[in-house]
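Notebook open, structure loaded. I'll jot down what I look up as I go.

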Amino acid sequence: MATTEECRGALDTLSDNLARADDDGVRSAAALDRSLSCHITDLDITFTGRLADGRIDVRDLHDGPPRERAEIRLAMTGDDLVAMVDGELNFARAWASGRVRLEAGFRDLIRLRKLL
């Protein structure tokens, strides 16, 4: 089972990957300015922050599910987060199978699909 530190590191790596993206579609999708939460279900912790300027800015960590409804909401196990960032788990397949939950407004989902 992934640790809190490994999950935080995976989010930082994902942020770095988004910032370095060469693809215009990925840069456009990552350029959203939205509140973000990532609930790590097996650890029962939630990282909160913002997706802004092509980066994920993690601002807080607390126990339990998200306290407020973020504009972009993710939920998954820590192992799945680490595996996705490491390229070992395909996000679209994990989302389609229910291993990963992504909730956002319709327009945001359309833009975020470029990140998948």
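This is a predicted model: local features need pLDDT of at least 70, side-chain atom pairs count only at pLDDT 80 or more; totals for chains, interfaces and linings use all residues.

What share of the contacts in the protein with a separation of 6 or more comes from residues 24 or more positions apart? I get 57%.

**Entry 1, overview.** I counted the secondary structure and got five helices and five strands. Reading from the N terminus, I have the elements as α-α-β-β-β-β-α-α-β-α. The protein has 116 residues, and 41% of them count as buried.

**Entry 2, the sheet.** I traced the strand order next. The five strands make an open sheet, β3-β2-β1-β4-β5, with mixed pairing. β3 (55-63) and β5 (101-104) are the edge strands; each has a single partner, so one side of each has no neighbour in the sheet. From one strand to the next, I find the twist averaging 20 degrees.

I went through the pairing here in some detail. β2 (residues 45-52) and β3 run antiparallel and are joined by eight bridges. I looked up two pairs: Leu51 is opposite Ile56 in β3, and Thr48 has Asp60 as its bridge partner. The hairpin of these strands has two residues between them, and Asp53 there takes a positive phi near 55 degrees.

Is Gly49 buried or exposed? At a relative accessible area of 13%, Gly49 falls under the 20% cut-off, so I put it down as buried. Leaving out residues up to four places away in sequence, I find Gly49 touching Arg34, Ser35 and Leu36, and also Asp57, Val58 and Arg59. I also checked Leu61: it is 12 residues from Gly49 in sequence, and the C-alpha to C-alpha distance is 9.0 Å.

**Entry 6, α3.** Why do I call helix α3 (residues 78-85) largely enclosed by the rest of the structure? Because six of its eight residues are buried. I listed them as Gly78, Asp80, Leu81, Ala83, Met84 and Val85.

Last stop, the helix pair. I noted the crossing of α1 past α3 as left-handed. Which residues meet here? From α1 I have Glu6, Cys7, Ala10, Leu11, Thr13 and Leu14, and from α3 Gly78, Leu81, Val82 and Val85. Sorting the residues of this contact gives me seven nonpolar, two polar and one charged. Gly78, Leu81 and Val85 had already turned up among the buried residues of α3.

Key. Residues are numbered from 1 along each chain as its sequence is written. Side-chain values use heavy atoms; hydrogens and water are left out. Buried means under 20% relative accessible area, exposed over 50%, partly exposed in between (1.4 Å probe, protein chains only). Helices (H or I, at least four residues) and strands (E, at least two) are DSSP runs, numbered from the N terminus. A crossing is left-handed if the near helix is turned anticlockwise from the far one by less than a right angle, and right-handed if clockwise. Contact means heavy atoms within 4.5 Å. Ala, Val, Leu, Ile, Met, Phe, Trp, Tyr, Cys and Pro count as nonpolar, Asp, Glu, Lys and Arg as charged, and the others, Gly among them, as polar. Two strands pair if DSSP finds at least two bridges between them. Axes are lines fitted to C-alpha atoms, for helices over the stretch in contact, and angles run from 0 to 180 degrees between N-to-C directions.
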